[in-house]
Amino acid sequence: MRLLVTGGAGYIGSVVAAMLVNGGHEVTVLDDLSTGHDDAIPPGARLVKGSVDDVGAVLGEQAYDTVMHFAAKSLVADSVEHPDRYWHGNVGGALALLDAMCAHDVPWLIFSATAATYGEPASVPIEESAPAAPTNPYGASKLAVDMAITGYARAYGLGAVSLRYFNVAGALFGSDGRGYGERHAVETHLIPIALQVAAGAKAALDIFGTDYPTPDGTCIRDYLHVTDLGDAHLRAMQIATPGEHRIINLGSGAGHSVREVADAVSRVTGRELPVHEMGRRPGDPSVMGASSVLAATELGWRPTSDLDTMIADAWTFAQRNPGS
Ligand code: UFG
């Protein structure tokens with residue numbers, strides 16, 4: 001298949017692009033490199049440096065079978081401070097993409113969606129039918145894109161699958177030894193920050209909130225290895241159906257608390273992990289966990305890696321890419 005991967009120089013996009021190339025697909029990456037890295041493009045893929053707003057020019061060059069759309073802004077706190085960036089960037093970019101796909105008859109779309117569309121869940125595990133009630137502009141912008149895709153699929157025959165990720169971690173190592181992992185200029189996520197502490201680059205891990213209604217008082221999240229996530233994208237390509245938009249959660253169904261993650265990071269790295277107990281981070285739900293029933297039935301997918309494997313792979317990647 002010939003695919004366009006928007007945002008393919010970023011963390012998840014580059015892992016999926018590498019898995020697609022490995023699978024024998026022809027991959028073009030469209031990325032403005034605002035947060036991605038050109039050396040994250042897998043050998044064998046072509047990089048077009050540019051904005052998703054200009055995707056029409058790329059799709060007009062040659063016939064594509066599928067677009068995987070990762071290009072987006074994804075920082076929750078930033079989205080509260082700068083909602084314009086998320087509405088224009090995430091929704092505007094996706095609309096430009098949908099229009100260009102229709103104009104150039106590209107039949108299949110896989111969209112990088114998020115659990116943030118659910119907001120504070122009424123119950124866990126969260127099923128896809130749960131009400132969407134995002135609590136920040138990031139989640140709202142991704143939900144708006146999901147709604148736009150539904151409309152375009154019905155009206156224009158697009159076959160689309162949205163994958164709503166829960167918490168993603170880990171790295172991919174290619175057979176050539178190249179690594180694809182998380183290298184954010186602004187890092188907000190628990191596992192990479194805990195690894196910075198393990199590496200001695202940061203003095204202590206701040207634990208945001210110890211008074212949640214959970215067994216150890218810290219928030220529980222559903223962590224997923226990025227290669228399991230990539231596998232789900234490859235499977236999603238097989239089920240896209242003209243005129244239908246399917247929405248599928250991607251999580252393991254098992255949760256880990258912040259303290260459990262901190263303990264696992266210490267165990268896996270063999271380093272002490274000093275922690276500071278802090279107040280709650282605004283907007284954090286106490287527990288997030290995915291129902292993976294639909295992913296199992298629709299995609300035949302099940303995650304294979306546990307938390308220690310995610311941490312071990314992220315640790316290997318972080319050690320190979322210090323300071324990035
Ligand atoms: N946490 C800490 N200390 C840190 C960083 C995080 O205690 O230094 C805690 C958070 O408060 C939270 C948990 O670790 O309880 C996980 O936080 P992350 O920032 O790693 O991940 P989130 O669950 O906040 O975010 C994830 C995705 C987002 C998505 C969100 C939806 O990464 O893209 O779920 O709920 F929007």
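**Rings first, then the ligand**

Tyr 152 is buried, because its relative accessible area is 17% and the cut-off for buried is under 20%. Keep in mind that you're looking at a predicted model.

**Tyr 152 and its partner**

- Tyr 152 and Tyr 156 make an aromatic pair of the edge-to-face kind, with 5.3 Å from centre to centre and 75° between the planes.
- Both of these tyrosines sit in helix 5, 4 residues apart, which is about one turn of the helix.
- Buried or exposed: which one is Tyr 156? Tyr 156 counts as exposed, because its relative accessibility is 56% and exposed starts over 50%.

- The model has 3 aromatic pairs in total.
- Another of them joins Tyr 86 and Tyr 138, and this pair is edge-to-face too, at 6.4 Å centre to centre with 85° between the planes.
- Tyr 86 belongs to helix 4 (residues 83-103) and Tyr 138 to helix 5 (residues 137-156), so the pair ties together parts that lie 52 residues apart in sequence.
- Tyr 86 has 1% relative accessibility, so it counts as buried.
- Tyr 138 comes in at 10% relative accessibility, so Tyr 138 counts as buried as well.

**A charge over a ring**

- Check out Arg 280, which lies over the face of Tyr 212, 4.0 Å from the ring centre.

**Who's around the ligand**

- How many residues surround the ligand? There are 20, and the closest are Leu 190, Asp 206, Arg 221, Arg 281 and Asp 284.
- Sorted by class, this shell has 12 nonpolar, 4 polar and 4 charged residues.
- Helix 6 (190-198) and strand 10 (205-208) each supply at least two residues of the shell.
- Strand 10 gives the largest share, 4 residues.

**Polar contacts and cover**

- Arg 281 places a polar side-chain atom 2.7 Å from an oxygen atom of the ligand.
- In the side chain of Asn 167, an N or O atom is 2.9 Å from an oxygen atom of the ligand.
- Thr 188 uses its backbone instead: an N or O atom there lies 3.3 Å from an oxygen atom of the ligand.
- Taken alone, the ligand exposes 690 Å², and the protein buries 90% of that.

Key:
Residues numbered from 1 in each chain as written. Predicted model: local features only at pLDDT ≥ 70, side-chain atom pairs only at ≥ 80, totals over all residues. Heavy atoms only, no water. Phe/Tyr/Trp six-rings, centres within 6.5 Å; stacked < 30°, edge-to-face > 60°. Buried < 20%, exposed > 50% of the residue type's maximum accessible area, 1.4 Å probe, protein only. Lys NZ or Arg CZ within 6 Å of the ring centre and 35° of its normal. Near = heavy atom within 4 Å. Polar contact = N/O pair within 3.5 Å; in protein donor to acceptor, adjacent residues only side chain to side chain. Areas by Shrake-Rupley, 256 points an atom, 1.4 Å probe, with all protein chains shown as cover. Nonpolar A, V, L, I, M, F, W, Y, C, P; charged D, E, K, R; others polar.
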